[in-house]
Amino acid sequence: MVTTPDKPEPLTVLYDGACPLCRREIAHVRRLADSRGNCALDFIDISHDNACLPAERATLLARLHVQRADGSRLDGAAAFVAMWQRLPGWRWLARLARLPGALPLLELAYRGFLRIRPWMQRAARRLDHPDGDTAGRGAAALSAHIERELRSDHAGETGAIHIYRGIVAVARRRGDHALLDFARRHGETEAGHLALIESWLPPSHRSRLLGAWRVAGWLTGALPALFGPRAVYATVAAVETFVDRHYQQQIDHLRTHAGPEGLLPALLRCQADECAHRDEAAALSDHRPGWPLRIWCALVGRGSAAAVTLARRV
Ligand SMILES: [Fe+2]
Ligand SMILES: [Fe+2]
């Protein structure tokens with residue numbers, strides 16, 4: 001593509017519209033871009049972008065991304081610098097970032113920000129809704145029901161991360177690189193889900209049994225991994241089938257009763273990822289499992305349901 005100083009190459013900013021921090025920042029950037037007509041910046045809210053593959057969306061939501069006209073992407077500090085380069089009043093910062101050693105430093109600062117982002121998201125939501133986050137249904141607040149459901153989601157996502165850690169631990173010992181790749185990819189998505197749920201649920205409202213959910217999750221991944229990848233895929237398909245239904249119940253509730261702004265798209269996003277996990281695992285698993293594996297998968301489904309019931313309360 002031929003670009004000139006008057007007509008730069010189009011750049012698309014991929015941002016998380018469900019995040020109050022991202023919404024504020026992008027609104028500011030948009031105003032700046034609009035004040036100068038030829039910035040060639042477009043914006044896509046990935047939290048609502050149905051064209052985006054669920055697995056890809058989790059990666060895109062974890063960090064800021066910008067996409068060039070040829071489809072290639074920059075992320076993290078490099079994405080910010082590319083965006084600043086287009087904004088009136090910010091180009092000096094982009095020039096500074098191009099000094100030797102500046103970009104790695106910015107990247108380090110960005111990673112530090114990502115660690116505290118869940119806390120800042122909660123603070124931003126409180127600023128948006130000063131009535132508090134447990135004041136009741138209808139406002140942008142958490143009802144007692146939604147709080148219980150989110151506690152079970154938080155416990156579930158904690159368990160999910162540890163399922164994949166258990167699989168990784170065994171797959172590494174067995175030198176099963178395909179299974180390692182599967183577990184690491186899924187584990188990264190689950191970590192994104194956990195961060196998302198943590199941005200909604202304050203630490204004081206989380207399950208007091210997180211240690212137990214971690215151990216249970218790790219065993220749910222490691223035990224089938226001892227018997228080979230097919231047992232793992234069948235287990236993941238069973239877990240994700242349950243998780244899909246669990247999220248669907250919450251989505252149905254939010255569609256019937258008003259809930260806090262941004263929560264419904266957040267849960268829809270998690271559910272879409274879980275369905276992608278389920279479908280991938282089901283495609284890889286043995287379609288005619290023996291009775292021991294069928295019993296194990298039934299136990300996993302029942303165990304997940306019991307864990308959710310308990311995590312809603314404790
Ligand atoms: Fe998840
Ligand atoms: Fe999942």
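Reply: What follows goes from the domains to their contact, and then to a helix pair.

This is a predicted model, in which local features need pLDDT of at least 70 and side-chain atom pairs count only at pLDDT 80 or more, while totals for chains, interfaces and linings use all residues. Residues are numbered from 1 along each chain as its sequence is written, and chains are lettered from A and ligands numbered from 1 in the order in which they are written.

The domain assignment gives domain 1 (1-128) and domain 2 (144-313); such bounds come from an automatic or database assignment. Their C-alpha centres lie 30 Å apart. Across the boundary, 12 residues of domain 1 are in contact with 14 residues of domain 2 (contact: C-beta atoms, placed from the backbone, within 7 Å). On the domain 1 side, α2 (54-62) and α5 (102-128) each supply at least two residues (helices are DSSP runs of H or I, at least four residues, numbered from the N terminus). The most comes from α2, with six residues. By class, this side has seven nonpolar, three polar and two charged residues (Ala, Val, Leu, Ile, Met, Phe, Trp, Tyr, Cys and Pro count as nonpolar, Asp, Glu, Lys and Arg as charged, and the others, Gly among them, as polar).

Helix α9 (residues 229-256) packs against helix α11 (residues 291-313) at an angle of about 35°, with axes 9 Å apart (axes are lines fitted to C-alpha atoms over the stretch in contact, and angles run from 0 to 180 degrees between N-to-C directions). Among the residues making this contact are F242 of α9 and V300 of α11. The contact residues divide into 10 nonpolar, four polar and no charged.

Definitions and conventions
Two residues are in contact if their C-beta atoms, placed from the backbone, lie within 7 Å.
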